Amino acid sequence: MAKPKTQFVCQNCGTVHSRWAGKCDGCGEWNTIVEEDPMGGIGGGPGRAPKKGRAVALTTLSGETEQAPRIHTGISELDRATGGGFVRGSAVLIGGDPGIGKSTLLMQAAAALSRRGHRIIYVSGEEAVAQVRLRAQRLDAANTEVLLAAETNVEDILATISEGKRPDLVIIDSIQTLWSDTADSAPGTVTQVRTGVQAMIRFAKQTGAAMVLVGHVTKEGQIAGPRVVEHMVDAVLYFEGDRGHHYRILRTVKNRFGPTDEIGVFEMSDKGLREVSNPSELFLGERNAKAPGAAVFAGMEGTRPVLVEVQALVAPTSLGTPRRAVVGWDSSRLSMILAVLEAHCGVKLGQHDVYLNVAGGYRISEPAADLAVASALVSSLAGLALPADCVYFGEISLSGAVRPVSQTAQRLKEAEKLGFAGAMLPAASAEVPKGTGGRWTEIDDLPDLVARIAGSSARLRQAPEDD
Ligand code: TYD
Ligand code: MG
């Protein structure tokens, strides 16, 4: 039998190369290619005969199921995002920009859990013990039994957390600082991060401790060695927010034990993160209802309604190419709405700069915001303020039709609760509550919306020749 050739595998994306190279053609990462024995992982190593497998008992899909055993932190926004608390024996990755508040959140969680009698180990690889202590004092966590270590070596960390009583929760802050003797690349490289994370996950599975891993996001919005790490852990949460604003959102992007569309909302104060149980009030806080170009979107985040203001500014351009700038929304979605407005409503924006902003630094991911965005754009262009007590939601299709979205009743209920008496929503929406006293206006298509907002505003319809 011919000796199997070694192969060179990118540790970031898994592309197989026949020769070593500094840069992977697959993903463009540098120094991620390592030599691997193609049989090494499967055959049990060179020279060893493949082990004969042992048959396991097959079972059916129906039958007894156990709820995943969870550790509740008592911080309800955190418990909501994790789907009801940290699951024992699982690994959670918490990603986010540097300085967004990951260490703060986890120190608060550690303190809360420790007060509930859990054994918590906080391993800080980024900060010295003194720094972590200072933060703990500020967060009023210094008087708890949280066990602290400043360590980055994987083997030393494993030895430390294996000693004594099994911990209920281990926090590793952060995975980029982990380095292992068994991998011979520099700390922070994909190989090191992957080796370290693998070891931590193995520890969690073996002991039943919950493992929380902190990961920094790189400039491109990815965790270093992202694909490997995200696939390895049971849940991935992103802590996001705008540094210029105080509130932070903990968003679930993957969860093997719970829903993935929940968010937890916090506000950063001088005493750490404060829970925000009614985000709508926060996002609508500084509203100036009389200005044109502002529309309130009735959105949903998982099971929770969130009202947020969409602001548009449409102004004649002074440059050759008009500017399009979006904060908090998808820019290709904005281009689509502009195209639909132009094609079906005769609203010409080719000579206008368009700026779109979601208030408070919040990020909208739902297509249901289309109608609110279109309303804000039309309102700004026409110079007409929208009614202050009206919310907007609905998806716009390329044909200009307004399509129904899910959870109409919850959106309207939240709007009513916050004093909005009117709503513009898609025609044929299911579950519209009747007889609640709200003015629910059903919109068929985009021209209908434009007509309702602007009436016969002459500025809007400059070229009525082709429709
Ligand atoms: P940190 O948790 O260190 O961020 P990360 O671990 O994600 O890098 O938080 C850093 C920021 O939070 C820092 O700019 C200071 C601010 N902060 C407060 O505003 N209040 C507080 O009580 C604490 C502890 C931090
Ligand atoms: Mg930190």
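How do helix 10 and helix 12 lie to each other?

A: They are oblique to each other, because of the angle between their axes. Helix 10 and helix 12 cross at roughly 45°, and their axes come within 10 Å. (Axes are lines fitted to C-alpha atoms over the stretch in contact, and angles run from 0 to 180 degrees between N-to-C directions.) Contact (heavy atoms within 4.5 Å) involves Leu371, Ala374, Ser375, Val378 and Ser379 on helix 10. On helix 12, Leu446, Leu449, Val450 and Ile453 take part. By class, seven of these residues are nonpolar, two are polar and none is charged. (Ala, Val, Leu, Ile, Met, Phe, Trp, Tyr, Cys and Pro count as nonpolar, Asp, Glu, Lys and Arg as charged, the others, Gly among them, as polar.)

The model is predicted: local features need pLDDT of at least 70 and side-chain atom pairs pLDDT 80 or more, while totals for chains, interfaces and linings use all residues. Residues are numbered from 1 along each chain as written, chains are lettered from A and ligands numbered from 1 in written order, and side-chain values use heavy atoms, without hydrogens or water.

Helix 12 spans residues 446-454. (Helices are DSSP runs of H or I, at least four residues; strands are E, at least two; both are numbered from the N terminus.) Its buried residues (under 20% relative accessible area, 1.4 Å probe, protein chains only) are Leu446, Asp448, Leu449, Val450, Ile453 and Ala454. What covers them includes helix 9 and helix 10. Strands 20 (395-396), 21 (402-403), 22 (422-426) and 23 (439-443) also belong to this cover.

Helix 10 (residues 370-382) also packs with helix 9 (residues 331-345). Their axes are 10 Å apart, at an angle of about 60°. Helix 9 and helix 10 are therefore oblique to each other. From helix 9, the contact takes in Arg333, Leu334, Met336, Ile337, Leu338 and Leu341. From helix 10 come Asp370, Val373, Ala374, Leu377 and Val378. Nine of the residues are nonpolar, none is polar and two are charged.

So what does helix 10 bring to each partner? Ala374 and Val378 touch helix 9.

Conventions:
Parallel < 35°, antiparallel > 145°, perpendicular 65-115°, else oblique. Buried < 20%, exposed > 50% of the residue type's maximum accessible area, 1.4 Å probe, protein only.
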